[in-house]
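The following exercises are to be worked through with the sequence and the structure at hand. Each task is followed by a solution in steps.

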Amino acid sequence: MSSKFWSFWDVERSEYLKLVYLSLAFFFVIAAYTVMKDLKDSIFIYTVGRSYLPTAKILSMIVLIPAILLFSYLVDRMRRYRLLCAYSIAFSLIGFACAYLLGNPVVGLDNPVTSPNRWFGWFFFFFVEGYSPFIVSLFWAFANSINSPKETKKYYSYMVAASKVGGIVTAAFSWYFFSCNFNSAVPISGTLKHQIIVALSSALLLLVPVVIFFMVKTVPGYMLHGYEAVYKEEKAMKKAEIGRASCRE
């Protein structure tokens, strides 16, 4: 009885750890995406111009096609958690580069002249547009690959709730940060505030691979094969039904 109790506890603890890690990873994904999504249009309008915003939305569907084809190629050849880590790191590094370029006097926000030739505004818009198809959808692909249908019904609501909290926290912090006038010896300009927020969002996204790394190291491997486990269970049930049918005959 004692061994059965402890084995049952290990399974429950493993499920709990997996839920905590997935919720924390999704927390960071949505926390970073919420802020970047809100800054996307404003930075584009300030650099390129409001009249080009509909054009940017249309072009984003075309510009992202090569990236989607590359993504489809990698999905078939890499494990989901490695692909999620790779894309999170890549988007984080690009985000840090964008934060730096925001302070550039020519391509950044300090240049008040709007023009369709401001390539940084276009790049930043398309970059943030890639968050949803590459980071958010990839997280769900990873989560679906390690959770059984029973676990999705049981735990996904908690993961979504954690993501909502992440979005609320970063949005509230950004609102306070932009609206607050800091009394310091060195005043914080609007450009510097944008740089700080973009850098912080990129840093949050960089925490996703860290969470996934600890999850892979601490959660047992058999808990990270959701649909494979379902397949084995269904196969065992099918064999049992065949055995009962043969006994009846």
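**Exercise 1.** Is Glu-129 buried, partly exposed or exposed? Determine also which residue is its partner in a salt bridge.

*Solution.* The model under study is predicted.
Step 1. The relative accessible area of Glu-129 is 24%. Buried requires under 20% and exposed requires over 50%, so Glu-129 is partly exposed.
Step 2. The side chain of Glu-129 forms a salt bridge with that of Lys-40, with 2.5 Å from N to O.
Step 3. Lys-40 has a relative accessible area of 8% and is therefore buried.
Step 4. Because Glu-129 belongs to helix H5 and Lys-40 to helix H1, the pair links parts of the chain that are 89 residues apart in sequence.
Step 5. The count of salt bridges comes to one.

**Exercise 2.** Which residues make the nonpolar surface patch, and which helix gives the most to it?

*Solution.* 
Step 1. The patch covers about 670 Å² and is made by Ile-58, Leu-59, Met-61, Ile-62, Val-63, Ile-65 and Leu-69.
Step 2. Helix H2 (53-63) and helix H3 (65-75) each supply at least two of its residues. H2 gives the most, with five.
Step 3. Ile-62 lies in helix H2. Its relative accessibility is 53%, so Ile-62 counts as exposed.
Step 4. In soluble globular proteins, nonpolar side chains tend to be buried together.

**Exercise 3.** Where in the protein is confidence lowest, and where is it highest?

*Solution.* 
Step 1. The average pLDDT is 82, and 83% of the residues score at least 70.
Step 2. Confidence is lowest in helix H9 (residues 226-248), with a mean of 54, and highest in helix H5 (residues 119-129), at 93.
Step 3. Residues 1-11 have a pLDDT below 50, and beyond near neighbours in sequence this stretch has two contacts in the model.
Step 4. Where pLDDT is low, the predicted coordinates should not be read in detail.

Terms used:
Residues are numbered from 1 along each chain as its sequence is written. This is a predicted model: local features need pLDDT of at least 70, side-chain atom pairs count only at pLDDT 80 or more; totals for chains, interfaces and linings use all residues. Side-chain values use heavy atoms; hydrogens and water are left out. Patches are made of residues with over 30% relative accessible area and no salt bridge: like charges are joined within 9 Å, nonpolar side chains (Val, Leu, Ile, Met, Phe, Trp, Tyr) within 5 Å. Accessible areas come from the Shrake-Rupley method with a 1.4 Å probe; for residues, only the protein chains shown count as cover. A salt bridge is a side-chain nitrogen of Lys or Arg within 4 Å of a carboxyl oxygen of Asp or Glu. Helices (H or I, at least four residues) and strands (E, at least two) are DSSP runs, numbered from the N terminus. Buried means under 20% relative accessible area, exposed over 50%, partly exposed in between (1.4 Å probe, protein chains only). pLDDT is the predictor's confidence in each residue, from 0 to 100. Contact means heavy atoms within 4.5 Å.
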